[in-house]
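Trainee: I have not looked at this one before. Can you take me through it?

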Amino acid sequence: MDTPPQASTRLTDLPAWKALWSHFTRAREWHMRALFEADEQRAERFTLEHQGLLLDYSKNRITGQTMTLLLQLAEQCGLRARIDAMFAGARINETEDRAAFHVALRSRGDTPMRVDGADVMPQVRAVLQRMARFAGAVRSGEWLGHTQQPITDIVNIGIGGSDLGSQMVCEALKAYAHPRLRMHFVSNVDSSQLKETLRQVHAQTTLFIVESKTFTTHETLTNAHTARDWFLHRAQDEAAIARHFVAVSTNAAAVAEFGIDPRNMFEFWDWVGGRFSLWSAIGLPIMLYLGERNFLALLDGAHAMDGHFRDAPFDANMPVVLALLGIWYINFFGAGSHVMAPYDQYLHRLPAFIQQLDMESNGKRTTRDGQLVDYETAPIIWGETGINGQHAFFQLLHQGTHVAPIDFIGSLDGHGSLPGHHEILMANMFAQAEAFMRGRNADEVALELAAQGVDAAAIRRMVPFRVFDGNRPSNTVLLERLDPYRLGALIALYEHKIFVQGSIWKIHSFDQWGVELGKQLAKTIHAELLAHRPPQAHDASTAQLIARYLAVNAQRRC
């Protein structure tokens with residue numbers, strides 16, 4: 001299927017966009033307290049549920065009319081055609097001339113999924129089966145290291161999409177992990193991360209997974225070769241590499257040159273984007289740690305969300321609604337950032353994962369027809385577990401001048417929690433969402449202080465510092481429980497939200513050309529720091545920094 005035709009109308013010229021600006025002149029004066037008081041059914045009307053996920057978006061500065069106009073914007077932007085194109089395997093990643101077809105990786109039925117007319121599902125199933133056989137052998141103890149001992153530690157060496165997704169899932173689902181296996185993730189070329197990891201493992205019982213699509217990623221290959229040297233120093237046998245190193249890549253020749261048996265290379269395809277790749281062989285660490293059944297449940301949850309996204313009407317479509325709310329705040333209220341606040345320690349890596357997923361996808365300023373945008377695009381994504389955030393950055397969110405929408409994420413099922421803990425956790429989550437919405441006015445502060453016996457003069461002094469307006473928007477996403485299926489659905493929810501926003505902004509969500517210049521310059525400067533080439537032309541600041549580095553490390557190089 002060819003790339004879908006591009007609408008020539010600029011976003012800011014669309015009737016719905018103009019109607020939203022007119023609507024905003026009234027909406028910016030609304031307070032959510034009043035909206036709740038005026039509509040007893042508000043919470044019910046602005047809540048969606050699907051496959052064990054609940055989205056309550058009632059604590060937003062919206063009315064039914066707001067949502068109607070936002071939905072009209074989605075229609076006028078041709079969102080339906082964009083969704084159909086993605087699910088049809090069209091080359092919607094136009095600047096790299098390839099499909100963005102991660103939905104095929106979690107398709108679990110017999111329906112063909114085609115790219116350029118060819119059904120990719122036989123390849124997807126074949127790799128899944130190879131992953132399952134390998135993971136089963138490692139987990140059962142059938143796969144042994146070179147000294148005939150079972151694997152106890154797995155070190156994943158990758159970066160970006162070859163690190164964040166698998167790491168987040170393994171942390172989130174640690175309760176489902178194999179009791180013998182310990183997972184480690186190394187991404188930073190700063191040697192301290194690898195050094196500290198290697199201190200925790202033994203060569204005889206460690207399996208290294210090197211994840212690099214081209215097997216040329218500088219940071220990953222540097223770490224991989226250092227790990228290889230560490231291993232050979234202890235094993236004293238290059239043949240032993242085949243029992244302790246596997247690869248996820250498309251470059252069989254480079255993998256073989258490294259010393260990895262090509263039979264232990266797990267491939268994926270150019271239509272798998274890095275930050276959307278945990279569903280592919282890049283997710284091998286997940287399958288090793290959690291097992292085939294749980295990995296397939298993760299895929300099934302994502303596939304269920306795919307079907308909901310593809311088929312549900314936009315007004316009942318969770319990814320579409322989340323995306324449109326983001327558009328409302330970014331483009332009309334000028335909210336430049338968005339906070340992820342999971343109230344579950346197992347989800348502590350989710351903000352970092354969503355940060356890459358969103359900012360690398362939609363951090364663009366050029367429309368698909370090559371024009372500069374005249375509106376804001378991706379927000380800055382940041383956050384931390386909510387219970388810690390309350391004692392760190394929530395003060396700014398409550399009383400600061402910066403307005404940032406917040407996604408509260410939690411699981412209802414407290415099974416497995418220590419007695420009394422889960423109730424405190426969820427009470428804080430619900431209370432913070434309510435506090436952000438309600439705020440506290442001067443009369444309420446004065447009454448509270450008076451009830452405490454504070455005299456009138458002190459009350460007058462203290463009131464200004466204790467008032468906060470509230471009216472800060474948030475979404476609440478509740479999982480029935482944190483399990484593989486629902487985590488898969490949650491991740492897919494955010495993937496599709498980001499795709500919707502990119503479609504409305506008319507930008508390319510599946511490339512990342514902005515990181516290329518830094519990579520090119522780093523190669524030049526690296527050669528200079530090693531004294532392999534004379535100093536090149538740099539700005540005065542960069543030249544000064546290079547010279548200072550060379551001066552400090554001159555003795556080490558001798």
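This is a predicted model: local features need pLDDT of at least 70, side-chain atom pairs count only at pLDDT 80 or more; totals for chains, interfaces and linings use all residues.

Trainee: Start with helix H8. Which of its residues are buried?

Mentor: Leu194, Thr197 and Leu198 are the buried residues of H8, which covers residues 191–198. Buried means under 20% relative accessible area, exposed means over 50%, and partly exposed is in between, with a 1.4 Å probe and protein chains only. Helices (H or I, at least four residues) and strands (E, at least two) are DSSP runs, numbered from the N terminus.

Trainee: Why do they line one face of the helix?

Mentor: Down the axis of H8, the buried residues fall within an arc of 95°, so they line one face. The arc is taken from the directions from the helix axis to the C-beta atoms. An α-helix has 3.6 residues a turn, so residues three or four places apart point the same way.

Trainee: And what do the buried residues of H8 pack against?

Mentor: They pack against strands E5 (153–157), E6 (182–186) and E7 (206–211), and against helix H9 (218–235). Contact here means heavy atoms within 4.5 Å.

Trainee: Next, the cores. How many residues are in the largest nonpolar core?

Mentor: The largest nonpolar core has 126 residues, and Leu73, Val169, Trp271, Leu487, Leu490 and Tyr494 have the most contacts inside it. Such a core is a set of buried Ala, Val, Leu, Ile, Met, Phe, Trp, Tyr and Cys residues joined through side-chain atoms within 4.5 Å. Another core, of 26 residues, lies apart from it, and its members include Val210, Ala224, Phe231 and Ala235.

Trainee: Which residues is Leu490 in contact with?

Mentor: Leaving aside neighbours within four places in sequence, Leu490 is in contact with Leu53, Leu350, Ile409, Val477 and Leu479.

Trainee: Changing topic: how much space lies in the largest pocket?

Mentor: About 1,400 Å³. Of the 45 residues that line the largest pocket, Ile159, Thr217, Glu219, Glu516 and Lys519 are the closest to its centre. On a 1 Å grid over the protein atoms alone, a pocket is an open set of points with protein on both sides within 12 Å along at least five of seven lines, a cavity is a set where a 1.4 Å probe fits but cannot get out, and lining residues have an atom within 4 Å of a point. Points are joined across faces, edges and corners, and a volume is the space filled by probe spheres set on them.

Trainee: Which element gives the largest share of that lining?

Mentor: Helix H22 (516–529) is one of the elements that give two or more residues, and its 7 residues are the largest share. By class, the lining of the largest pocket has 13 nonpolar, 21 polar and 11 charged residues. Ala, Val, Leu, Ile, Met, Phe, Trp, Tyr, Cys and Pro count as nonpolar, Asp, Glu, Lys and Arg as charged, and the others, Gly among them, as polar.

Trainee: How many cavities are there of 30 Å³ or more?

Mentor: The search of the whole structure finds 3. The largest cavity has a volume of about 50 Å³, and residues lining it include Leu105, Met131, Trp269 and Trp279. Its lining has 8 nonpolar residues, 1 polar and no charged ones.

Trainee: Now single residues. Is His508 buried or exposed?

Mentor: His508 is buried, with a relative accessible area of 10%. His508 sits in the loop between helix H21 (484–505) and H22. Not counting residues up to four places away in sequence, His508 touches Ile92, Glu94, Thr95, Ser361, Lys364 and Arg368.

Trainee: What about Ser503, buried or exposed?

Mentor: Ser503 counts as buried, at 1% relative accessibility. Ser503 is in helix H21, and with the sequence neighbours up to four places away left out, Ser503 touches Leu79, Arg82 and Arg368.

Trainee: Last one: where is Ala531?

Mentor: Ala531 is in the loop between H22 and helix H23 (540–552). Ala531 counts as exposed, at 51% relative accessibility. Its phi is near 60°, a positive value in a residue other than glycine.

Note on methods: Residues are numbered from 1 along each chain as its sequence is written. Side-chain values use heavy atoms; hydrogens and water are left out.
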